[in-house]
Amino acid sequence: MKRKTFLLALLLLGCTLVHAQEKTPKLVLQMDKPGVTVSPTLYGLMTEEINYSYEGGLYAQLIRNPSFKDEVRGRGHQGWQPFFAMGKPAYWSLCDSLASDMMIDRNEGINSANNVSLCLNVKESGKSTGIINDGFWGFPVRPKTTYNGSMYVKTDAADSPALTVSMESLDGKTVYASTQIAGVSGEWKKYSFSFSTSDKVVPTKDTHFRIAVGSAGKYWFTRVTLFPPTYNNRPNGLRPDLMTMMRNMNPKFLRLPGGNYLEGNTFADRYDWKATIGDPDLRVGHNSPWGYRSTDGLGLLEYLEWTEDIGAEPTLAVFAGYVLNGDHLAGDYIKPFVQDALDEIEYVIGGTDTKWGAQRAKDGHPGPFKLQYVEIGNEDFFDRSGSYPGRFKQFYDAIKAKYPQLGIISTADEKSLKGVKADIIDEHYYRDAASMYRNAFQYDSYDHNGPKIFCGEWATREGSPTTNMNAALGDAAWMTCMERNSDILIMASYAPMLVNVNKGGMQWESDLIGYNALNSYGSPSYYAQAMFGNYLGDKVVPVAGEDIPKFELPQSREEKQRGMNASSVPEIYYVATKDSKTGVVYLKMVNVVGKPQKVSIAFDGDVKVASKAIKVELKSANPSDTNTIDNPKNIIPVKSNIKVSKNFEYTFAPYSITVLQISSK
Ligand code: AHR
C-alpha cells in the first residue's frame, strides 16, 4: 500500500513536471504602453572593395586588367627571389603565340593615369591573331543584349588596319557578338564600339573577349572597357541584378567606402576620394587591402548615385589618418586630411556655388545628395598609438563648425575617446550563431540616455561563401535586439555584403549576396534582412514574454576562444513594431531550434485586431541548409494568409524566421 502511494505520488510529480515544461509560451503585445520610436535609419548596407565586390562584381565593367597594370608574376629561379615581373599582362593571352607576341610597354601610355600599354607584335599578315581577355571568370552573354565598349589603340602598320572585337565561346567556335573598329592609325585615339547578341543566344558565362588583328605590325592598346546594360542605364554604371537585390532590402543608408578599404594598407593606398572622380580614363586606381587592384571606376560619384538608385542615403566614412600597417599622422600633419574630408562633404552636399559642389555638377550631378552622418575612420580601436581621440577631435570640430547638422560617428568607444565628445559610436560584431543568441539582449542593458550606437559591421559567420540558415537564425535573433532598442541603436549594416563565388573571388567567408559573371543569389541571411527591413513599423510595441522555453547551449568554438561562458538561451526571439499611421503590427518571431513552437499571442489594451493576417516565413529543415549559385532559391520567404484574433495561438515552424503582419485599430 505504501509502495502504491509512493508510485502514484511519483507519477503525479512527473505529470506536473512535464506539464510545467510544456507550458505554452505566451507573448503579450502591450498596445497601450508607449514604445520607443524606431530609428528611421535603422537598417542599411555597408560596402567596400572586398571579395571582388566592385571589380568583377557590382561595377559593370567587364574587362579585367583594362589598363594592363597587373602583370603575370612567375616563381623566380632563386629561392631568395620568390617572384619577378615578366612584362606579360595578367588575364590577357595571345590568340596565336606563333604569329605574335606581346609585352607591357612602359614607355607608351595615354596619360599620367594610364601610363603603360600593351604592345602586340603581329609578325605576319593574313592570319587572324590578336589578344584575349578572360574577364572576371567569364563574360555574361545574354540574348538580345547590347554591349558598349571603348579602347585606346595605335599602330605602326601602314595600311590603317581594322580590328575585330567579339565575345565568343572559350573554344572560339561560337561568336556571340562582334563588330569592327576601322582605320586604326599611328596616333593614340579612343575608339568606341558596340555589339549585340541575337535573341537565339542561350545565356552563358563560359566566354571570353577577343581583339582580332589581320595585318602585320605593332599595335598598342590601353583602357579597354566593355559594359553590358547597367542599372538605370547609367554610363559607367552598376550591375542591375545586384542593384535590384539591394533595393529590395529597403535599405535606408549605405556606409561607404569601407571598411579596411577606406584605410588602405599604406598611405599611398588609402581611399583618396579626389582620385576617384571625373573621367574614368583619368583615374589611376589603387590597391585594395584585400589583395587586388581597384580601377576606381566605381568612384565617389558612382557610390553616391548608387545610394540614390537604391533609395538610400550615404553614410560617409572619411579617411582619418590611420592606415592598416599601423602608420598614422596626428597634430598639424593631419590638417590636410581634415581639409580633404571637408572638401569631400562639400562634394556630396555643397551647392553648385561651392568649389566641390561645382565639381560634382561638372561630373554630372548638379543636385546635392542627402547626408546625415559622417564617420571618422574605420575600426580605430585597433590604433594602439592612442592618437585617435586627438585625430577624431580635429575632424569633429572642423566638420561641426561648417556642418553643425551632421552627426559624427566615432569608430572607437566612449572609454577609448577619453572624454572627447562623439555623437554616435560604431560597434562591430562578427560572431557565430551561438554567440548571437547569447548576446541577443545586449542592447537592453545599454544606457538609453548614453550615446547613440551604429552597428556598422555585423554578421553571423556560418557558411561559405555565403551564409546558411543557421547564420540567418543568429542574424534574426540579433536583429530582434537591435530593433527593440532602436531608440539608441539607430543604424545597423551587415558586412561584407557581396562575394564573387568563383575560386579566388573570396577573401572573407560568410557573405550576404553571391554571384558569378552571369547570375546572383541571396543567402538565407539576405532574406532574413530583407524581411526585417521591409516589415517595420515606426514604434516598438513592448512585448511581455512568459514561459519562454530555454535550451542548454554549449560553448561554441568562438566562445571558447574568447573565454565566454556557456549558458542556457531562449529557443525563441521576438520583437514587435507598429505602423502608427496604418495600425499594422509586425510581429517578428525567430525559432532557433528544430521543433515547432506553439505560442499564445495576446494583444493587451483597447485595440481591435483583424481576423486575417499575412505571414511571411523563412525556414529550412536543417540549419546547415543554404542557397548557392546553382540552387539559388532553396530557402526563400513564403507569404500566406493566416487567421488571428486578439488572443490566439500560433505554431511556428522549426528553424524559422516569421513575420506576422496583423492589422489593428
Ligand atoms: O568586413 C570585413 C572587414 O572587417 C572590414 O574591412 C573591417 O572593417 C573589419 O575588420
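**Where does Tyr52 lie?** Tyr52 sits in the loop between strand E2 (43–46) and helix H2 (54–58). Helices (H or I, at least four residues) and strands (E, at least two) are DSSP runs, numbered from the N terminus. Tyr52 is not a glycine, yet its phi is positive, about 55 degrees. Tyr52 counts as buried because its relative accessibility is 8%. Buried means under 20% relative accessible area, exposed over 50%, and partly exposed in between (1.4 Å probe, protein chains only).

This is a predicted model: local features need pLDDT of at least 70, side-chain atom pairs count only at pLDDT 80 or more, and totals for chains, interfaces and linings use all residues. Residues are numbered from 1 along each chain as its sequence is written, and side-chain values use heavy atoms, with hydrogens and water left out.

**Phe68 in its loop.** Phe68 is placed in the loop between H2 and strand E3 (71–75). Its phi is positive, about 60 degrees, although Phe68 is not a glycine. With 1% relative accessibility, Phe68 counts as buried.

Leu256 and Pro257 are joined by a cis peptide bond, with omega about 0 degrees. Pro257 belongs to the loop between strand E15 (253–256) and helix H4 (260–263). A cis peptide bond also joins Gly258 and Gly259, with omega about 15 degrees. Gly259 is found in the loop between E15 and H4.

Domain 1 covers 24–40 + 498–665, domain 2 covers 43–60 + 231–422, and domain 3 covers 71–227. These bounds come from an automatic or database domain assignment. The centres of domain 1 and domain 3, taken over C-alpha atoms, are 50 Å apart. Eight residues from domain 1 and 10 residues from domain 3 take part in the contact. Contact means heavy atoms within 4.5 Å.

**The whole chain, for orientation.** The protein has 13 helices and 37 strands. Of its 665 residues, 57% count as buried. Its C-alpha atoms fill a box of roughly 115 × 60 × 55 Å along the principal axes. Among contacts with a separation of 6 or more, 75% come from residues 24 or more positions apart.
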